Amino acid sequence: MEFTLWDILRNLLLAARWTVVLSLAGFLCGGLAGGLLLALRLAKAKPLRIGAKLYIEVFQGTPLFLVFFGLPLLGFDVQPWLAAGVGLTLAASAYLAEIWRGCVEAIPLGQWDAAASLGLHPLQKLRFVILPQALRIAVAPTVGFLVQLVKSTALTSIIGFRELVQTANVINNATFASFTVYSMLAVIYFVLCYPLTAASRLLERRLRLSSQ
């Protein structure tokens, strides 16, 4: 069976849907878990801080493919899409929690003192004073991580998940048109990632102007 250029592009675009879905699922679920981890990292109770720090260190230091293969080794019979989603969520939660913690800690201590002088309790300090300022700092690294997460979905091909790289490999094995297939693959990744970085710059610029 011969593949035309349109056949190759169409199959890659269909696979790109799963790359986008997996990236968004990992980012959104990881963001929710990362927000909880951030709260634990900032908690006054030392056991909560230590537990959150341990979680972050484990999943920041564990390669994604070990997470993918680790679930079956622990006795969980999971589908590739579920293993991919869980693995990306665990990694994203750990990295986002640390990114956001760094942004919160970048706020000068004087801002915390000023919030305390207004009689705000810790949650109010974060909500009304610290987090709005940390948001401006967090935009660029957060979007940067999302771009990295999109590219990290390529690792899910090792467990048989049919995303962009896995599909490109299958097409290449059938057509032997390596230059064409992987050139299209690179263009699709660029189309997915470049708008994110451009939007990040635009949002960061607007936030900076609104604070002046």
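Start with α6 at the second largest pocket: with four residues, α6 gives the most to this lining. Helices (H or I, at least four residues) and strands (E, at least two) are DSSP runs, numbered from the N terminus. The model is predicted, so local features need pLDDT of at least 70 and side-chain atom pairs count only at pLDDT 80 or more, while totals for chains, interfaces and linings use all residues. Residues are numbered from 1 along each chain as its sequence is written, and side-chain values use heavy atoms, with hydrogens and water left out.

**Stop 1: the second largest pocket**

Select Ala39, Leu42, Ala43, Lys44, Trp112, Pro122, Leu123, Lys125 and Leu126; they line the second largest pocket. Its space is about 240 Å³. The lining divides into seven nonpolar residues, no polar and two charged. Here Ala, Val, Leu, Ile, Met, Phe, Trp, Tyr, Cys and Pro count as nonpolar, Asp, Glu, Lys and Arg as charged, and the others, Gly among them, as polar.

How is a pocket found? The search runs on a 1 Å grid over the protein atoms alone: a cavity is a set of points where a 1.4 Å probe fits but cannot get out, whereas a pocket is an open set with protein on both sides within 12 Å along at least five of seven lines. Lining residues have an atom within 4 Å of a point. Grid points are joined across faces, edges and corners, and a volume is the space filled by probe spheres set on the points.

**Stop 2: the largest pocket**

Now select Leu38, Trp100, Val104, Leu131 and Ala138. Of the 17 residues that line the largest pocket, these lie nearest its centre. Which of them gives the most? It is α6, with ten residues. The pocket holds about 330 Å³ of space. Its lining comprises 14 nonpolar residues, two polar and one charged.

**Stop 3**

A salt bridge is a side-chain nitrogen of Lys or Arg within 4 Å of a carboxyl oxygen of Asp or Glu. By this rule the structure has four salt bridges.

- Arg41 and Glu98 meet at 3.5 Å, N to O. This pair links distant parts of the chain, with Arg41 in helix α1 and Glu98 in helix α4, 57 residues apart.
- Glu98 and Arg101 meet at 2.9 Å, N to O. They are three residues apart in helix α4, so about one helical turn separates them.
- Arg101 and Glu105 also meet at 2.9 Å, N to O. They are four residues apart in helix α4, so about one helical turn separates them.

Colour by accessibility next. Buried means under 20% relative accessible area, exposed over 50%, and partly exposed in between (1.4 Å probe, protein chains only). Arg41 is buried at 15%. Arg101 is buried at 17%. Glu105 is exposed at 52%.

**Stop 4: aromatic pairs**

The structure holds three aromatic pairs. Rings of Phe, Tyr and Trp (its six-membered ring) pair if their centres lie within 6.5 Å; planes under 30 degrees apart count as stacked, over 60 as edge-to-face and the rest as tilted.

Select Tyr55 and Phe59. Their pair is tilted, 4.8 Å centre to centre with 55° between the planes. Both lie in helix α2 (residues 46-60), four residues apart, so about one helical turn separates them. Tyr55 is partly exposed, at 24% relative accessibility.

Move to Tyr95 and Phe145. Their ring centres are 5.8 Å apart and their planes are at 25°, so this pair is stacked. Tyr95 is in helix α4 and Phe145 in helix α6, so the pair ties together parts 50 residues apart in sequence.

Not counting residues up to four places away in sequence, Phe145 touches Ala92, Tyr95, Leu96 and Ile99.

**Stop 5**

Select Gln166, in helix α7 (residues 164-175). Gln166 is buried, at 18% relative accessibility. Leaving out residues up to four places away in sequence, it touches Ser157, Gly160 and Phe161.

Finish on Phe176, in the loop between α7 and α8 (178-210). Phe176 is not a glycine, although its phi is positive, about 60°. Phe176 is exposed, at 70% relative accessibility.

Notes: Contact = heavy atoms within 4.5 Å.
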